[in-house]
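Keep the model open and follow along.

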Amino acid sequence: MSFKIDRGLFKYDFIDHHAILCVPVDADVKEIRKRYLQIARRLHPDSSFTESAAQKELGNELLSKLVNPAYEKLSGDRTRAEYIIVLPQIGKRLVQESTSVTLNTDLAKQLADAPNIDHFYKTAIAKLAQTQYDSLEQALQVIAQASELNLVYLMRSASKASPAPPPPAQPKVQSGTSEPNTPKNTPPAPTPPKEDSIVEQYVRRAQSLIDKNQFAQAKVELQDALKLEPKNSHCHSLIAMVYLKQNQLKMAKIHFDNALKLDPNDQTALQWKPKIDKALGQQPSDHKVTSSPNNKDKQPDKSGSGLFGGLFGGKKK
């Protein structure tokens, strides 16, 4: 039995695992696992909810072909990280192709105009999840509906992150004439200070939270920054340090790897990734680095403070 869904993100040759589990696209591992167990209990052939042999077969097919693969993708550290990095790019692509995007459900259309997008989106997803697999014959339609919500949410998030258009050009003044209504010898107006980009604001807040050892909040800020700029090596390196402080070595390794792919000379990643590889029982990866006395013959930390000793500590340069 094949399950074909041609609405929402599925329409664009993308398997929407979040829609299959009916969880928000920013759901954490704990939330994903909790939702998976709820669905697995419902669809398992031994479940008391399935009354007939046909229902048991359909439930087992949904579980094995849709739900289990979705959970495997979203529960693994590396696969989830790679999958989540792709989502903002899809949102940007859909914004560029917005004329071809069609919405079939009232919920998705309401989300497109909702003033508080995050609240409306998460409330709608939670409501769909309550009855998603109650009727197995209608399950694909509910998945498609959830995927339309994900599509709209990603598009609106991408639009919100787009830079503002440049100001209109000032009219040119012909040579040999003075600008109208501008007194002679008037000094030029001072250049306004350059505002930080949205990503820089996220990073600045994250760094402040890290300094206060508020790592969970810092991680949220950096995840939002990476949604906007998934190829920002500094963000990858910084969030890797946050995962390191939280003892999530696999996630730290993923982001240090990403940082080094984007910037082979990232000093933080070069310092900590070999230690993580060693802790995980892996051989450190070789990365080409511009010759620098700071990188020459580095010795492992023997201070006795362990893998996490000295993180964000010491004198600031």
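What follows looks at helix packing and then at salt bridges.

This is a predicted model, in which local features need pLDDT of at least 70 and side-chain atom pairs count only at pLDDT 80 or more, while totals for chains, interfaces and linings use all residues. Residues are numbered from 1 along each chain as its sequence is written, and side-chain values use heavy atoms, with hydrogens and water left out.

Start with helix H10 (residues 233–245) and helix H11 (residues 249–262), whose axes sit 8 Å apart at an angle of about 160°. That angle makes H10 roughly antiparallel to H11 (the label goes to angles over 145 degrees). Helices here are DSSP runs of H or I with at least four residues, numbered from the N terminus; axes are lines fitted to C-alpha atoms over the stretch in contact, and angles run from 0 to 180 degrees between N-to-C directions. H10 passes H11 in a left-handed crossing, meaning that the near helix is turned anticlockwise from the far one by less than a right angle. Among the residues that meet are Ile 239, Met 241 and Tyr 243 in H10, and Phe 256, Ala 259 and Leu 262 in H11; contact means heavy atoms within 4.5 Å. By class, the contact of H10 with H11 has 11 nonpolar, 5 polar and no charged residues.

H10 also packs on helix H12 (residues 267–279), this time at an angle of about 35° with the axes 10 Å apart. Ser 237, Met 241 and Leu 244 of H10 make the contact with Thr 268, Ala 269, Trp 272 and Ile 276 of H12.

Now for the charges. The structure holds 12 salt bridges, each a side-chain nitrogen of Lys or Arg within 4 Å of a carboxyl oxygen of Asp or Glu. One of them joins Lys 65 and Glu 61 at 3.0 Å, N to O. These two are 4 residues apart in helix H3 (residues 53–75), so about one helical turn separates them.

Asp 257 is worth a stop. Its salt bridge with Arg 78 has the closest N and O atoms 3.9 Å apart, and this pair links distant parts of the chain, helix H11 and helix H4 (residues 77–96), 179 residues apart. Asp 257 also meets Lys 273 in a salt bridge of 3.4 Å, N to O, which ties H11 to H12 across 16 residues of sequence. Both Asp 257 and Lys 273 are buried (under 20% relative accessible area, with a 1.4 Å probe and protein chains only). Zoom out, and Arg 78, Lys 253, Asp 257, Lys 273 and Asp 277 are linked in a network of salt bridges.

Key. Parallel < 35°, antiparallel > 145°, perpendicular 65-115°, else oblique. Nonpolar A, V, L, I, M, F, W, Y, C, P; charged D, E, K, R; others polar. Buried < 20%, exposed > 50% of the residue type's maximum accessible area, 1.4 Å probe, protein only.
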